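Let's take a friendly walk through a protein model. Have the viewer open so that you can find each part as we come to it.

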Amino acid sequence: HCKRRFGHPIPKSSEDPRWLEYVAWYRSCYDEFFAKTAREVHKAKPDITIAFNWEWGVRRPCDPPPFISRISADLIPTGTVASSLTHYSAGTGYPHDYMCGRFLHGLGDWNNSTRETILYTASATIANGASFYLIDRQLPDGTLQERAYTMMKDVFGFVQQRRAVLAGAAHVPEVAVLHSQDHLMGDRLQFFPDPAARKERAEPFEGASRMFMHHARHYTAISTATLERRKGDYRVIIVPETEYLNDTTMDALEQYVKNGGALLVTQSPNEAGVSTRLLALAGVKHEGVSPLNYLYFEVTGGEPLSANGKWSLVKPAGDAHEIVRAIMPLKAGKGGAKFGHGKAPADAYEGYAAVIERTVGKGRVIYVALPAFGEYWRNQNPYVADLLFSLIDRLLPTPVVKVSTRAQVEMVALRKGDDLVVNLVNHSGRERLLGYWYPLTEYMPLIRDIGVALRVDGIEPRVRLEPSGGPVACTIRDGYAHLVVPELEFMQSIVAEKYFA
């Protein structure tokens, strides 16, 4: 049937001359099915909600066809995955949800996962304005085990306590992380046949997600289509090691910066990611890629710090200027690739930049010469996170919310009507992998005395904690209302009433 519809033999690899034609046709069959189904269901029952699991989310960040009314995904029970997926689905503007199973090993056994695992997943889901669901298996008589009902009463009671505050709330647009469909697909559409290529191409987004998630920084992930529609809504846009930027996306980025936007670009580790238009916008002269898999970046008042990855060898061009210098390793064995049993120490500045900044029109661009987000996913170097956040702070010195904690805490800023809702989610529990697949959390530590600051215009906001409803005292200084959240187990919400009025 497939051969007959395609009209040719089915290609076996991306080396086949008809490969791109085949994959485009293959994808169009799905798209036609989704569009036709949504159209016909809507025609039959216009008020029904229509969603297809996993479509138009992080695996395929593009617009759905007409009559799709919800973005949905399901996977394993963990707040890490739930957070990553819902940060993107929140950026689509559609109602969205995340679903996981209550079992210890997926749907394959009859042991409940721990309440800690499920509460953790639920917290990261609803914190981003998404609905939380559990999938389950019935016993032969159609019932569930009693322990399933007991656990669900606990988890959904937790969700229900927060429903009134969170239902209908949406991400505050402030920092956007671009998640590009073209980048995910690759130049030969490797996304389809090659799981390793799919994983590698998703790593910059995964790294950005993990970095923001664990450092209490608010962000929204957006597609290129959302970028073109809503670019003016965001104060900072991050382009994380993104290859194959088309002209329409580049036009949008250029216009965004000229109109006063702030752009942070990290460099892809290979030549496919060297976009001449993006380099020109950032004021970067590209001289090649380092043969080493690491270099150093200079730190004011301290020793240089190493960062893994294939760095680009770059210098500022025109009116751009260097703000962080790249430091080369000692020319030891194999040009620095070997020094005893490890890397060579930092040696000298040879004229190449680690970070370049340029003013363009009313806006600014900061360019980072290393694949910082992808490498953070592969090797969670805290100094790379410090570097990236210092650059974001340079572009956005007055975010809506600041959080002070050394714990791994996610922060999400939502708007509901005129209220600002700040959600804190605890990611500091130890996740163990059961058989290298299903995560398990047995204990969630209590984090105490978390400092939170809300940007204000000199007027002290009326603030309360949810779900307790208790008022919180604030101190106004430096343009912020400072408060302390006494404790965080799974999730805590702060509501600033009439903040946007």
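## A five-stranded sheet

Keep in mind that this model is predicted. Start with the open sheet, where five strands line up in the order E4-E17-E18-E25-E22 with antiparallel pairing. Strands in a sheet are held side by side by backbone hydrogen bonds. At the edges sit strand E4 (170-171) and strand E22 (462-466), each of which pairs on one side only.

Look at how E22 meets its partner: E22 and strand E25 (residues 491-497) run antiparallel and share five bridges.

## The largest pocket

Now turn to the largest pocket, with a volume of about 1,300 Å³. Its lining has 41 residues, and those nearest the centre are Trp 54, Arg 59, Leu 75, Ala 202 and Glu 206.

Which helix gives the largest share of this lining? It is H7, with ten residues. By class, the lining of the largest pocket holds 25 nonpolar, six polar and ten charged residues.

## The second largest pocket

The second largest pocket has a volume of about 670 Å³. It is lined by 26 residues, with His 215, Ala 216, Arg 217, Phe 389 and Thr 405 closest to its centre.

Helix H12 (382-395) and strand E16 (401-404) each supply at least two lining residues here. H12 gives the largest share, five residues. This lining divides into 14 nonpolar, six polar and six charged residues.

Terms used: Residues are numbered from 1 along each chain as its sequence is written. This is a predicted model: local features need pLDDT of at least 70, side-chain atom pairs count only at pLDDT 80 or more; totals for chains, interfaces and linings use all residues. Side-chain values use heavy atoms; hydrogens and water are left out. Two strands pair if DSSP finds at least two bridges between them. Helices (H or I, at least four residues) and strands (E, at least two) are DSSP runs, numbered from the N terminus. On a 1 Å grid over the protein atoms alone, a cavity is a set of points where a 1.4 Å probe fits but cannot get out, and a pocket is an open set with protein on both sides within 12 Å along at least five of seven lines; lining residues have an atom within 4 Å of a point. Grid points are joined across faces, edges and corners, and a volume is the space filled by probe spheres set on the points. Ala, Val, Leu, Ile, Met, Phe, Trp, Tyr, Cys and Pro count as nonpolar, Asp, Glu, Lys and Arg as charged, and the others, Gly among them, as polar.
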